[in-house]
Amino acid sequence: SSNMENNVSLNFHQQLLLISENLVTEDVAALKFLCMDLLQLSKLEGVKSAADIFKLLMAQEYLNAEDTFLLAELLYRIKCHSLLEKLGYTKEKVQERLHEKGRISPYRQMLYELSENITSEMLKEIIFLLQNHLPKRWITPSVLDLLTLLEKQSLLSKDNVQILEYICKTVSPDLLEITDCYKKAKGLRQSLKSFLNTWGCEVFIISRMAFIMQRLVRVLPSFCPKMHKRRCVLLSSEQEGTPMDGVFFILTQAFFFSFLQTISSYKMDGPHRGFCLIINNVNFNSSQRKGSCKDAEQLERVFTWLGLDVRTYTDLTSEAIINLMQTWQHVQDHKDRNCFICCILSHGKSGAIYGTDDKLVSIRMLMTHFTAKHCPQLAAKPKLFFIQACQGNNIQRPVYVDTDGPTPDSSPVQERVSLLESIPEEADFLLGMATVEGCVSFRHIEEGTWYIQALCSKLQLLVPRGEDILSILTQVNEDVAKRVSPSGTKKQMPQPAYTLRRKFIFPIPMAPPPS
């Protein structure tokens, strides 16, 4: 028995060491911040690695070989979902148990959510605003460092978030959604607590509502003050008849979670959805991209259905494409729009697309026109680029299937550019490529390209179901991967890359899909 216990302990510590080795500096900082309500700050300040945090949690009996849920919750909160399997959890299993075992308070969650949405440029503005509260000669901190300092100085607490509201209102009013969410949930909790204090056991209706909502909402933790046992007995979905502390926390969590769902997605409820540019290059000096007009027409129908203002441009040279990007980066109307989308249908090579003059244009250069620095009207808004073009060399073309590779032989050989190098480092971009690096993409000369047709089909199918864009693109990958050329020897795999900070979800259109 002793040997078995030793083996269990050894395996547990090996698990923790493996997890610690897979967490980078930013992850450790996030873990320290999320544990601030559980561990003494003086001890946390000496932490150098995730393993140090694990030791502190074990010393306080928050973590042991028999109960690893707190660590699973922490990994879930910092979105290290791939490490959950080392503890025997999945993302879904953690979500199911948060309502009964979660320990990270709504206040700490709110602060961390806020930190995840503050960009480096915003942080510079915040530091300037708060310079009178910051120590002199203080090295530029991270957002989490700044929030910790404000708490140390008693300028910020779970009962006082006024300084956060001032910061958000000044730097980025959209961030107020996060603090408003927290305040409303906290207010609801206090109201329910007062009501229960007054009426005691005569809250059967509310308790039954809470029971129903507990079955539906199983995501946020039940971290609230203890409630006297005489006041209420709530039937749990796991153990009927078990007394539970705090009827009101379930309603609060339901309300708070609904707000978190909202703030975890980009704002898409404005009167104008955004502009969608479609560049359709068909006629080149020595070739014609037959079937491309089918793609352009389908994209126009689908994105118009999704509420975008679609503009289509045909047969642009490399210079004309660059000029078009320069024109649209200065359009003032972007400030009243929720997003920006650009679809390019052309020939291509690694990291670039061709103009009709057979000259290459860098995809990264095109996208950089719309960074916050060059297009402030689109700052913090999602910018989606869909590129239908080859990213590699020509191949033998079978009957009815054409490739979107370059036809000119005079072009110099270009080194491959990885997809990550094609996308700007700044946040809020998505680049959807028809194919992986170095490969061709296929186009039917009558029905259009595999990628664009799959994209349009999945948008029409999945947007009405409330799916986000990354989930939709995963389905596009599956659809295209199943296709095969008439010869039965050629396949294709699309590839998205992104720096999105939130989920991108199209509002469900009132009208039925166009096809």
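Modeller: Let's start with Tyr112, found in helix α7 (residues 106–116); helices here are DSSP runs of H or I with at least four residues, strands are E runs of at least two, and both are numbered from the N terminus. This is a predicted model, where local features need pLDDT of at least 70, side-chain atom pairs count only at pLDDT 80 or more, and totals for chains, interfaces and linings use all residues. Residues are numbered from 1 along each chain as its sequence is written, and side-chain values use heavy atoms, with hydrogens and water left out.

Biologist: Is Tyr112 buried or exposed?

Modeller: The cut-offs are under 20% relative accessible area for buried, over 50% for exposed, and partly exposed in between (1.4 Å probe, protein chains only). Tyr112 has a relative accessible area of 9%, so Tyr112 is buried.

Biologist: Which residues does Tyr112 touch?

Modeller: Contact means heavy atoms within 4.5 Å. Leaving out residues up to four places away in sequence, the partners of Tyr112 are Ala30, Phe33, Leu34, Arg77, Ile78 and Leu144.

Biologist: And strand β1 (residues 272–280): how many of its 9 residues are buried?

Modeller: Strand β1 is mostly covered. The count of buried residues in β1 is 8.

Biologist: In β3, what is the bridge partner of Ile278?

Modeller: Strands pair if DSSP finds at least two bridges between them. β1 and strand β3 (residues 337–345) pair in the parallel sense over 8 bridges. Within β3, Ile278 is bridged to Cys343.

Biologist: Which residue in β2 is the bridge partner of Cys276?

Modeller: β1 also pairs with strand β2 (residues 309–314), in the parallel sense over 6 bridges. In β2, the partner of Cys276 is Val310.
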